[in-house]
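Open the model in your viewer and keep the selection tool at hand. We will go from stop to stop, and at each one you will hear what to select and what is there.

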Amino acid sequence: MALLEVKDLKVYFPIRGGIMGRIVGHVKAVDGISFSVNEGQTVGLVGESGSGKSTTGKAILGLVPLAGGSIYFNGEDITRYIGKNRSAYRKSVQMIFQDVHSSLNAKKRVLDIIAEPIRNFEKLTKEEERKRVDELLSIVGMSPENALKYPHEFSGGQRQRIGVARAIALKPKLIVADEPVSALDLSIQAQVLNYMKDVQEELGLSYLFISHDLGVVKHMCETLIIMHSSRFVEVGSREDIYQNPCHIYTRRLIASIPSTNPDLKEANEAHRNAINEEYKNQYNKYYAEGGSVYDLRLLNENNNTHFVAMP
Amino acid sequence: MDDILLSINNLRTSFRIDGQYYAAVDGVSIDIMHNEVFAIVGESGCGKSALSLSITKLHNMNYTRIEGEVNFNGQNLLDLNESKLNKVRGKDISVIFQDPLTALNPVIRVGPQIEESLTYHTNMNKKEKRDRAIKLLSEVGMVNPELTYASFPHELSGGMRQRATIAVSLACSPKLIIADEPTTALDVTIQAQILDLLRKLQKETQSSIILITHDLGVVAEMADRVAVMYAGQIVELASANDLFKNPQHPYTRSLLASIPNVGEDLHRLNAIKGIVPTLMYMPREGCRFSHRTPWIDGSMHEENPDYHEVRPNHFVFCTCYKDFYFENEGGA
């Protein structure tokens with residue numbers, strides 16, 4: 001059984017207009033998506049800005065109201081839960097945010113930031129709490145004396161590691177990581193990604209890894225979901241997506257990654273132009289009328305991991 | 001040599017912090033040739049943007065000190081006063097900034113923003129300017145240039161805005177374009193389009209581009225020559241081919257090893273120990289990268305590091321490149 005199962009999830013944001021501020025329409029940020037995350041698995045959610053990937057993450061945590069669909073966690077539909085039952089779910093699902101400058105309270109010490117989720121759910125004495133925080137800090141490679149410092153005393157990479165420590169404080173099952181490294185420098189990004197992998201092995205975590213960086217996602221995830229205009233265009237294993245991308249959008253995305261091999265410069269550009277040409281000419285083959293994305297279907301019988309949104 | 005377009009000589013840019021000056025760019029010398037794309041790579045805080053803004057003195061001079069020489073067209077730009085500099089800015093040397101939303105004026109339509117530098121630098125009449133602006137907009141790939149001419153920046157998407165800022169910077173056909181992280185704020189598909197566009201325009205106009213970026217992929221796609229910067233100094237200077245095939249300096253090699261590459265599989269990425277030192281605490285003596293490679297024997301660094309030409313036109317700073325190995329590899 002999957003740890004998290006999302007069925008036909010929809011999130012609509014109202015557009016208000018007119019004198020009375022009535023609802024005149026909806027922005028369909030997420031429009032009918034289904035996927036699942038298994039225990040210990042990392043699922044990557046890739047798409048460009050505005051594709052709805054962050055909204056998907058927020059919807060799973062219950063930070064935005066759903067317009068439809070259901071979310072099963074350990075087989076139970078948590079969208080029906082309110083009050084106490086809901087808080088048990090909140091404990092097992094945590095989030096790592098993108099912006100390390102705004103996601104840590106500048107007026108709190110690191111100790112209080114990391115201990116906040118613990119204080120909400122567990123009754124620990126001061127000493128026990130301090131011990132837990134020190135343990136958590138050491139998991140992300142920081143020394144215990146850092147606990148009494150304030151966020152501004154740290155660099156971006158260290159701050160993101162504090163964010164990771166806070167997210168794992170309650171030993172969650174699933175962490176939604178929303179662009180955790182896109183604001184960080186290359187060498188620091190590598191540090192944070194390595195710690196995220198270590199933590200996963202240690203605690204048996206699952207990640208929903210939201211990113212626009214195909215290189216990072218390939219490094220981190222076994223299963224990939226490509227999202228475009230509020231829908232999934234392609235779902236598959238790492239090999240499916242990178243060796244055999246089928247939807248024109250995925251192929252465009254992969255073709256636009258700059259390569260670090262200068263020899264491939266011309267070949268890449270030619271490939272990219274060919275794909276853009278195809279995108280223009282064969283748009284109707286991949287998108288329904290009005291540019292909407294088709295439902296996913298299994299690509300071929302022999303491979304049960306690879307789904308593409310094609311008619 | 002007469003094919004040098006711009007020659008930067010021992011440039012030192014210092015900022016005042018609490019009454020003291022700290023050098024963010026510390027003795028950089030480079031020559032930019034005609035008709036080339038020169039990339040400067042480095043992490044945040046390495047001084048790459050400070051360097052690019054120093055070329056046309058765009059820093060706030062109240063708390064910035066710029067020493068050295070920037071020779072362009074037979075004059076030292078750093079000696080010029082504001083009004084003389086303004087004759088160069090936008091005309092011979094123009095800048096493309098990272099964030100197109102803050103680079104464009106939100107209350108002025110796109111067209112007039114392109115015309116601004118034409119008004120300042122040329123004697124064109126109204127109609128000529130308008131024609132030029134529309135021609136530029138179509139050159140940067142706008143589908144409907146007349147419509148874009150009359151649009152406000154907020155009506156355009158991120159990629160379109162960046163195209164508009166490129167049109168602004170191209171208005172007077174500059175000889176040198178300084179592109180400061182031109183694609184960092186954009187999605188990958190849009191980034192590819194903008195890079196293709198810059199490359200095409202560069203070939204057509206035969207101008208030179210100084211490309212400032214932290215993305216090594218972008219460098220490999222665009223650049224003819226590359227300078228890698230660390231802590232205010234250039235640590236390696238080579239042609240793009242040489243640099244990616246045969247990186248020498250420990251910093252360059254560590255950076256290349258920390259890219260999660262689409263092409264290959266690695267279980268762990270190489271993370272560089274420690275952090276880039278902040279301006280006030282930057283070590284000023286010896287090899288500045290040495291404290292991030294503590295496993296390397298100190299005697300391998302030079303006391304007063306200098307450039308070594310390892311191959312023709314491939315320069316490396318400090319001698320520590322000779323016996324460098326990664327920590328987890330073990331070594332001699």
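Select strand S3 of chain A, residues 42-46. Both of its faces are covered: A:Thr42, A:Gly44 and A:Val46 are buried on one side, and A:Val43 and A:Leu45 are buried on the other. Here "buried" means that 20 or more other C-beta atoms lie within 10 Å of the residue's own; with 12 or fewer a residue is exposed, in between it is partly exposed, and the C-beta atoms are placed from the backbone. In a regular strand the side chains alternate between the two faces of the sheet. The strands and helices on this tour are DSSP runs numbered from the N terminus, with at least two residues (E) for a strand and at least four (H or I) for a helix.

A word on what you are looking at: this is a predicted model, in which local features need pLDDT of at least 70 and side-chain atom pairs count only at pLDDT 80 or more, while totals for chains, interfaces and linings use all residues. Residues are numbered from 1 along each chain as its sequence is written, and chains are lettered from A and ligands numbered from 1 in the order in which they are written.

Two strands count as paired if DSSP finds at least two bridges between them. Which residue of S8(A) stands opposite A:Val43? Click on A:Leu208 to see it. In S9(A), A:Thr223 stands opposite A:Val43.

**An open sheet in chain A**

Next, select strand S1 (residues 4-17) and strand S4 (residues 68-73) of chain A, an antiparallel pair with five bridges. Look for A:Val6 with A:Ile71 opposite in S4(A). These strands belong to an open sheet of four, in the order S2-S1-S4-S5, with antiparallel pairing. At its edges are S2 (22-37) and S5 (76-77) of chain A, each pairing on one side only. Now show helix H1 of chain A, residues 53-61: it lies across S1, S2 and S4, at about 80 degrees to S2(A). Angles on this tour run from 0 to 180 degrees between N-to-C directions, and axes are lines fitted to C-alpha atoms, for helices over the stretch in contact.

**Helices of chain A**

Select helix H5 of chain A, residues 156-167. Is H5(A) mostly covered or mostly uncovered? Eleven of its twelve residues are buried, among them A:Ile162, A:Val164 and A:Ala165. Its cover includes strands S6 (93-96) and S7 (174-178) and helices H3 (110-121), H4 (126-139) and H6 (186-203) of chain A.

Keep H3(A) and H4(A) on screen: they pack at about 110 degrees, with their axes 10 Å apart. That makes the two helices roughly perpendicular, a label for angles of 65 to 115 degrees. Color A:Leu111, A:Ile114, A:Ala115 and A:Ile118 in H3(A), which meet A:Glu129, A:Arg132, A:Val133 and A:Leu136 in H4(A).

**Where the chains touch**

Show both chains: 30 residues of chain A are in contact with 30 residues of chain B. Contact means that the C-beta atoms of two residues, placed from the backbone, lie within 7 Å. On the chain A side, H6, H7 (214-220), H9 (248-255) and H10 (265-281) each give two or more residues. The largest share, six residues, comes from H6(A).

**Last stop: chain B**

Select the open sheet of eight strands in chain B, with mixed pairing and the order S6-S7-S8-S3-S9-S10-S12-S11. Its edge strands are S6 (93-96) and S11. Zoom in on S10 (residues 233-239) and S12 (residues 314-317) of chain B, which run antiparallel and are joined by two bridges. There, B:Leu237 has B:Phe315 in S12(B) as its bridge partner.

Finish at B:Val310, in strand S11 of chain B, residues 307-311. Why does B:Val310 count as partly exposed? Because it has 17 C-beta neighbours inside 10 Å. Leaving aside residues up to four places away in sequence, B:Val310 touches B:Gln248 and B:Val316.

Methods: Expected span 1.5 Å × (residues − 1). Parallel < 35°, antiparallel > 145°, perpendicular 65-115°, else oblique.
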